[in-house]
Amino acid sequence: MTDALLSLPPLREVIARHGLAAKKSLGQNFLLDGNLLDRIARVPGPLAGASVYEVGPGPGGLTRALLRAGANVVAVERDDRALPALAELGALAPGRLQVVGGDALDYDPRGTLPGPLHIVANLPYNIGTALLVRWLTIEPWPPWWASLTLMFQKEVAQRIVAAAGSDAYGRLSVLAQFRSRPRIAFDLPAKAFTPPPKVASAVVHIVPMDPVLDVPMARIEAVTAAAFGQRRKMLRASLKTLNGGIEALQRTGIDPERRAETLTVAEFAALAAEL
Ligand code: SAM
């Protein structure tokens with residue numbers, strides 16, 4: 001690591017100098033504590049020489065931590081006001097930080113850096129779930145990303161890791177667990193952020209694995225959409241909306257009087273395989 005990355009100006013000063021007053025519309029809740037940011041950067045494992053894709057670097061706190069960990073980083077940021085601050089940071093780590101101004105929903109980082117990318121982000125909450133579902137449902141599998149280290153509202157993090165039968169269990173749990181292993185790395189109180197959001201947060205770590213069954217993800221998406229679309233109904237009612245849903249239920253021998261939230265990921269996969 002270059003010495004320059006060890007003696008950076010405080011993030012508060014960067015925010016003040018570049019006029020980066022937090023905008024609610026962009027989901028801006030900044031992290032300013034270097035130790036906490038280093039802790040997030042350790043979640044994916046050693047990053048020396050690794051390729052990292054960051055969504056929403058903002059004033060660059062997490063970006064600093066990723067560079068300190070030795071990563072090469074490509075980052076996409078929608079707020080043009082942050083670009084000069086990020087250019088300053090990039091100048092201190094020559095050749096290791098590429099910043100793209102734009103919307104992460106329209107940006108494809110593949111090909112910018114070598115090897116599979118670790119995705120690490122303190123995500124804007126308004127697009128966090130959409131990006132996660134996109135990353136979980138891409139084909140082919142294994143995906144182009146090596147791991148996901150993402151900040152979510154704690155309630156969303158609990159849905160991602162929830163087990164069948166629990167209140168938080170739903171479509172997101174099945175999509176996240178069908179061919180990945182998610183875990184909550186640690187929780188963060190609202191006061192860790194500037195400005196503090198209304199709710200607590202958690203860092204979720206997700207690594208890809210072999211699918212529970214060899215079934216196309218599109219079928220898992222279809223069966224979970226139908227089953228959880230009418231969560232309170234018995235499967236024999238909710239799966240009526242799905243072409244071949246009732247027949248699949250019969251073939252798997254799953255009790256049609258059960259409700260979606262009681263089915264394990266393996267049972268959803270078995271249903272999808274029969275569609
Ligand atoms: N990484 C910084 C940190 O940890 O302090 C900022 C995190 S803040 C929660 C979310 C960041 O995502 C903001 O910088 C915001 O401008 C940016 N952002 C919001 N919507 C975005 C989008 N659609 N595409 C890219 N960046 C976006």
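**View 1. Strand β5 and strand β6 run parallel, joined by 5 bridges.** This is a predicted model, where local features need pLDDT of at least 70, side-chain atom pairs count only at pLDDT 80 or more, and totals for chains, interfaces and linings use all residues. Residues are numbered from 1 along each chain as its sequence is written. Strands here are DSSP runs of E with at least two residues, helices are runs of H or I with at least four, and both are numbered from the N terminus. Two strands pair if DSSP finds at least two bridges between them. Look for valine 120, which sits opposite threonine 149 in β6.

**View 2. Strand β5 (residues 117–121) is buried in 5 of its 5 residues, so the rest of the structure largely encloses it.** "Buried" means that 20 or more other C-beta atoms lie within 10 Å of a residue's own; 12 or fewer makes it exposed, anything in between partly exposed, and the C-beta atoms are placed from the backbone. In a regular strand the side chains alternate between the two faces of the sheet. Here, Leu117, Ile119 and Ala121 point one way from β5, while His118 and Val120 point the other way, and all are buried.

**View 3. Strand β2 (residues 51–55) has 4 of its 5 residues buried, so it too is largely enclosed by the rest of the structure.** With β5, β2 pairs in the parallel sense over 2 bridges. Tyrosine 53 faces isoleucine 119 of β5, and valine 52 has histidine 118 as its bridge partner in β5. Strand β3 (residues 72–77) also runs parallel to β2, and 5 bridges join the two. For glutamate 54, the bridge partner in β3 is alanine 75.

**View 4. Zoom out a bit and you get an open sheet of 7 strands with mixed pairing, in the order β4-β3-β2-β5-β6-β9-β7.** The edges are β4 (97–101) and β7 (180–188), each with a single partner strand, so one side of each is left without a neighbour in the sheet. From one strand to the next, the twist averages 20°. Helix α6 (residues 154–161) packs on this sheet and touches β6 (145–153), β7 and β9 (201–208). The direction of α6 makes about 155° with that of β7. For angles like this, axes are lines fitted to C-alpha atoms, for helices over the stretch in contact, and the angles run from 0 to 180 degrees between N-to-C directions.

**View 5. Leucine 97 is a residue of strand β4.** With 25 C-beta neighbours inside 10 Å, leucine 97 counts as buried. Leaving out residues up to four places away in sequence, leucine 97 touches Thr63, Leu67, Val73, Leu89 and Gly90. Contact means that the C-beta atoms of two residues, placed from the backbone, lie within 7 Å.

**View 6. Helix α2 (residues 34–42) packs on helix α3 (residues 61–68) at an angle of about 60°, with their axes 8 Å apart.** That angle makes α2 oblique to α3; under 35 degrees would be roughly parallel, over 145 roughly antiparallel, 65 to 115 roughly perpendicular, and the rest is oblique. On the α2 side, Leu37, Asp38, Ile40 and Ala41 meet Gly61, Leu62, Arg64, Ala65, Leu66 and Arg68 of α3. By class, this contact has 6 nonpolar, 1 polar and 3 charged residues. Ala, Val, Leu, Ile, Met, Phe, Trp, Tyr, Cys and Pro count as nonpolar, Asp, Glu, Lys and Arg as charged, and the others, Gly among them, as polar. Helix α3 is mostly covered, with 7 of its 8 residues buried. After α3 comes glycine 70, with a positive phi near 95°.

**View 7. In helix α11 (residues 265–273), the buried residues are Val265, Phe268, Ala269, Ala270, Leu271 and Ala272.** They pack against α7 (171–177), α8 (217–229) and α10 (245–252).

View 8. Proline 142 is in the loop between α5 (125–137) and β6, and proline 195 is in the loop between β8 (193–194) and β9.
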